[in-house]
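Hi everyone, thanks for making time this morning. I'd like to walk you through one model, so please have a look at it before I start.

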Amino acid sequence: MRRLTIVGLLLSTAGSLAAQSSQFGVRGLGLPLRPLSVRAVGAGGAFGLFDPDSGLNPASFGQTGFLTASFSTVQSWRHSVSPSGNASVQDNRFPGIVVAAPVGGTHFAIALSATGYTDRNFELASRDTLLLRGAPVETFDTLVSHGGMSDLRAALAWRQSKSVQWGVGLHLLTGSNRMISHRNFADTAYAAAAEQFTISYLGYGVSGGVVARLGSMLTLAGMVRADHRLTVERDSVPFGDTRLPLTVSGGARLQLGPRALVAGSVLFRNWSVSNADLVAQGGIGSVNTTEYDAGIEYLTDPKRGQHFPIRLGFHHATLPFPLRAGDAGSETGISFGTGRRFVGDRAGVDLALERIWRKGGAGFSERATLLTFGISVRP
Amino acid sequence: MRPIAWWGGACALAILAAACQEKLASPADCPELCPGTSLTIKDTTLTALVGADSSYTGYIGYAATSALLVSDGLSAGEARIWAAFPKRPDSITVDGLAQAFTPDSVAIILTLVARDSLVHPLRLFVHRIPNGHDSTTTFQAIDTLLTPATLIDSILVPDTLKTGAVRVVLSGDAIAKLAPADGDSGRISIGIRVKGPTSTGARFSTLGSTAGGPVLISYGRVAVTDTAKQRQTLNIAADSANFVINGPPDPPADQLFVGGRGGARTLIRFFLPKSVKDSATVIRATLELTPSGPLKGLRNDPALLLLQGLLADLGPKSPPLSGATASTFIQADATVVESIDVRKIVAAWFSANPTPTALFIGLSPEGGSFSRPEFFSSRSAGFGPRLRITYALPSRPGHP
């Protein structure tokens, strides 16, 4: 009962999930997010398919022997460049949560997770000149969006053997964007005006995955995920449906001696299936994406595994929603992380520091520093 | 100790990260980057409903006038002031004993509220007139009494005086001009006219105002041994005072007017198209009134044109909507179209509980100003009241 209370408490805090506000989140469904733990982020995401605290692969927590819960928060400092000018912005978002536990007396384990799927937090400011009553009047416009989509997952993993785990997951995609548009005038004879509405999303998906250790050094993992159509409403009035992509990912992890683990993974999403629906809803469209991750975790003290390990990683991904028709966007990042376990590994903290570069069409670019902090507990 | 330090450091870091303020605004290259356009701004001009605009009078009672008007040759009307004072006592109480009081000088004092300060010299002429004037007294009735034979004295208003007391002091034989007539119960009435080098006028405070109406002050001596108490004054305030005006006639039906002796008001109604009313936000609304001629009034004494929304449209007795007001000063002799910002009033038409699409126009001070502007009504094709509304329509940005 005590454990269930803790699980419920943790999931109830997952209102707004890990996010990185960005001008690249303006289009489509927003900026895609990676359902990774702080540990996986520190290694560039390369360990995501193998990491029980990440929400990527439903087989990854098959070896879980205890109830574990982890959550994280991320602080972002970002500098955006666009043809209209530059801006330095910052924001903070709330936890991504994963809770996993073995099913006593069986080879099964279950996990509940709440992570970000897309982030559509942005605030755009622009100016224009209108001809009102025969005179030019300068206007100052802001468009603010708060929200995005969350991925709530219930997963079941089966430990076939010490070397092989399988898993399946059911996903509920839900969330909303609260849009606020302001228009102010330089001529104070004109009063400011604003409009506000909410776009809400609802969708479902399933995923399956496997983790298999081959020999003593090599472990392979893969997952596939299919999401159904996303129902989109504006102020509770149907706005349209959006097909969601199929996600396929595979990776390998190699144990190099007692101190070093290296991993690499590839993830593909056919976001182009959403293109027609997004265009029909007035958007620019979408393109397929591919993500490459590579990372290493070096244990400074093999006897005390997660006692200040050093994690380094790199990732590169194409972005699904171009800012302008025909443009291609991409994201490249390097990361560093470490962590610490306490009281017989019953609790721990992890830190990850990322430096990310994003670029879109001509004139659009961004660089961001993300500090991710996570806590995991084993009650 | 070390785990405690670690936990403390971690918590401090978490708090530090969580405490960072959000700052999200980025410049946008619109319309390329913006997911949709900002609010759509449109402009429309509504004309008043033909035949549904009218002027009404009688809002100000005879005794409720807010100023006493006197003029000379104004197009807004010839005006004269009259005032009546109660009987002056013939004794005064000093140290509990009534002492006979004989004035050796008398002052007549009025308080100037406004004048055309560019016209000078301005001289007031005070006449002794018979008693018995009231709301039935006409302009002609007073004006014919203001003859050289009835003149008490005149007052030269200082050129620099814009507001404040003006007085004339009578002494010697001149005091007899203010002596009560036999059979009049001791009451004294005076009439006042004004003269300037050109047409002009002035406004004086009334009985009900803070400054008070006309006052008679008598200075005299009483027969007491204490020399410090021998000099005495006796103040007598007018107990009735008003003005009569030979104002211009009411304009024809194709014109609207406000102000005047009775505090005329004008009601104007508009029709708001459903396409605008249902979804728009008013960002600017301007009422345009076209004068039918030079605005009547006293130069350099502007009046406030006061506009109000209606709580309910009950014609001339429509209750005003508090908070939904607008105003503008109008100058005498102006001929340009008066443009008044009425956004607060019009915004109420678009609210969740919309008010009648009409507005009342009045003047402040009501019934106490020379201003009596006249504007073309909806019956004057092409010149009637117009309402320019600039409004914003939702554009629903945020396209995917």
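Predicted model: local features only at pLDDT ≥ 70, side-chain atom pairs only at ≥ 80, totals over all residues.

**Confidence first**

As for labels, residues are numbered from 1 along each chain as its sequence is written, and chains are lettered from A and ligands numbered from 1 in the order in which they are written.

Chain B has a mean pLDDT of 88, with 91% of its residues at 70 or more. Within chain B, helix α1 (residues 2–19) has the lowest confidence, a mean of 53, and strand β18 (residues 265–269) the highest, at 96. For the complex, the predictor gives an ipTM of 0.77 and a pTM of 0.77.

**The overall picture of chain B**

How many helices and strands are there in chain B? There are four helices and 25 strands, taken as DSSP runs numbered from the N terminus (helices H or I, at least four residues; strands E, at least two). Chain B is more spread out than a compact globule, because its radius of gyration is 32 Å, well over the 21 Å that the globule rule gives for 400 residues. That radius is taken over C-alpha atoms, and the rule is 2.2 Å times the number of residues to the power 0.38. The C-alpha trace of chain B spans about 105 × 80 × 40 Å along its principal axes.

Of the contacts in chain B with a separation of 6 or more, 82% are between residues 24 or more positions apart. Burial comes out at 39% of the 400 residues of chain B; buried means 20 or more other C-beta atoms within 10 Å of a residue's own, exposed means 12 or fewer, and partly exposed is in between, with C-beta atoms placed from the backbone.

Now to strand β4 (residues 68–72) of chain B, where five of five residues are buried. B:Leu68, B:Val70 and B:Asp72 point one way from β4(B), with B:Leu69 and B:Ser71 pointing the other way. In a regular strand, side chains alternate between the two faces of the sheet.

Which strand pairs with β4(B) in the antiparallel sense? Strand β13 (residues 200–204) of chain B does, over five bridges; strands pair if DSSP finds at least two bridges between them. One bridge partner in β13(B) is B:Phe204, facing B:Leu68.

B:Val194, in strand β12 (residues 188–195) of chain B, is in contact with B:Val70, B:Ser71 and B:Asp72, among others beyond four places in sequence. B:Val194 counts as buried because it has 24 C-beta neighbours inside 10 Å.

B:Leu110 lies in strand β8 of chain B and is buried, with 29 other C-beta atoms within 10 Å. Not counting residues up to four places away in sequence, B:Leu110 touches B:Val166, B:Phe204 and B:Pro214. So much for the tour; happy to take questions.

Technical notes. pLDDT = per-residue confidence, 0-100. Contact = placed C-beta atoms within 7 Å.
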